[in-house]
Amino acid sequence: MTHAQLVEKAVRWLRAYRCGVVLSEQACASGEMPDAIGWKQACHSVLVECKVTRGDFLADREKPCRQKPERGVGSERFYLTLPNLIKMDELPAGWGLLEY
């Protein structure tokens, strides 16, 4: 599975999660570029970061918006990965894990 295919799955999941507006790979003023983000209500955003390799997940932890989560986007935050790529105890505080 490619990253682009996983992003498509994230977009579909956000729509099924009842997000009314869904965007993928759009730059934010903070410098972050979410793989997919949706809004359930006016100010409630749901971020999904897609990771197809373990190296990509490990590199993601070094991003400025991960080092200072208050600067990142997403009222709810999830990683979407292939099965067994990330262990639950490796997730940043407050993040969920979705596997495809």
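Q: What should the 14 residues of H1 span at 1.5 Å a residue, and how far apart are its end C-alpha atoms?
A: The expected span of a helix is 1.5 Å times one less than its number of residues. For H1 that gives 20 Å, and the end C-alpha atoms are 20 Å apart, which agrees. Helices (H or I, at least four residues) and strands (E, at least two) are DSSP runs, numbered from the N terminus. The model is predicted: local features need pLDDT of at least 70 and side-chain atom pairs count only at pLDDT 80 or more, while totals for chains, interfaces and linings use all residues. Residues are numbered from 1 along each chain as its sequence is written, and side-chain values use heavy atoms, with hydrogens and water left out.

Q: Which residues of H1 are buried?
A: Buried means under 20% relative accessible area, exposed over 50%, and partly exposed in between (1.4 Å probe, protein chains only). In H1 the buried residues are Leu6, Val7, Ala10, Val11 and Leu14. Seen down the helix axis, they fall within an arc of 150°, so they line one face of H1; the arc is that of the directions from the helix axis to the C-beta atoms. The face turned away from this buried side carries the exposed residues Arg15 and Ala16.

Q: What covers the buried residues of H1?
A: Covering is judged by contact, meaning heavy atoms within 4.5 Å. The cover includes S1, S2, S3 and S4. H1 (residues 3–16) lies across S1, S2, S3 (44–51), S4 (76–81) and S5, and runs at about 155° to S3. Axes are lines fitted to C-alpha atoms, for helices over the stretch in contact, and angles run from 0 to 180 degrees between N-to-C directions. After H1 comes Arg18, with a positive phi near 75°.

Q: In what order do the five strands form the sheet?
A: Two strands pair if DSSP finds at least two bridges between them. Here the order is S1-S2-S3-S4-S5, in an open sheet with mixed pairing. The edge strands, each pairing on one side only, are S1 (21–24) and S5 (95–99). From one strand to the next the twist averages 20°.

Q: Which pairs of strands run parallel or antiparallel?
A: S1 and S2 (residues 36–41) run antiparallel and are joined by four bridges. In that pair, Val22 stands opposite Gly38. S4 and S5 run parallel, joined by five bridges, and Tyr79 has Leu97 in S5 as its bridge partner. Four of the five residues of S5 are buried, so S5 is largely enclosed by the rest of the structure.

Q: Is Leu80 buried or exposed?
A: In a regular strand the side chains alternate between the two faces of the sheet. Leu80 is in S4 and counts as buried, at 6% relative accessibility.

Q: Which side chains make a polar contact with Asp60?
A: A polar contact is a pair of N or O atoms within 3.5 Å; within protein, one must be able to donate a hydrogen and the other to accept it, and residues adjacent in sequence count only if both atoms are side-chain atoms. The side chain of Asp60 makes such contacts with the side chains of Lys51 (3.3 Å) and Lys63 (2.9 Å). Asp60 lies in H2 (residues 54–60) and is buried, with a relative accessible area of 1%.
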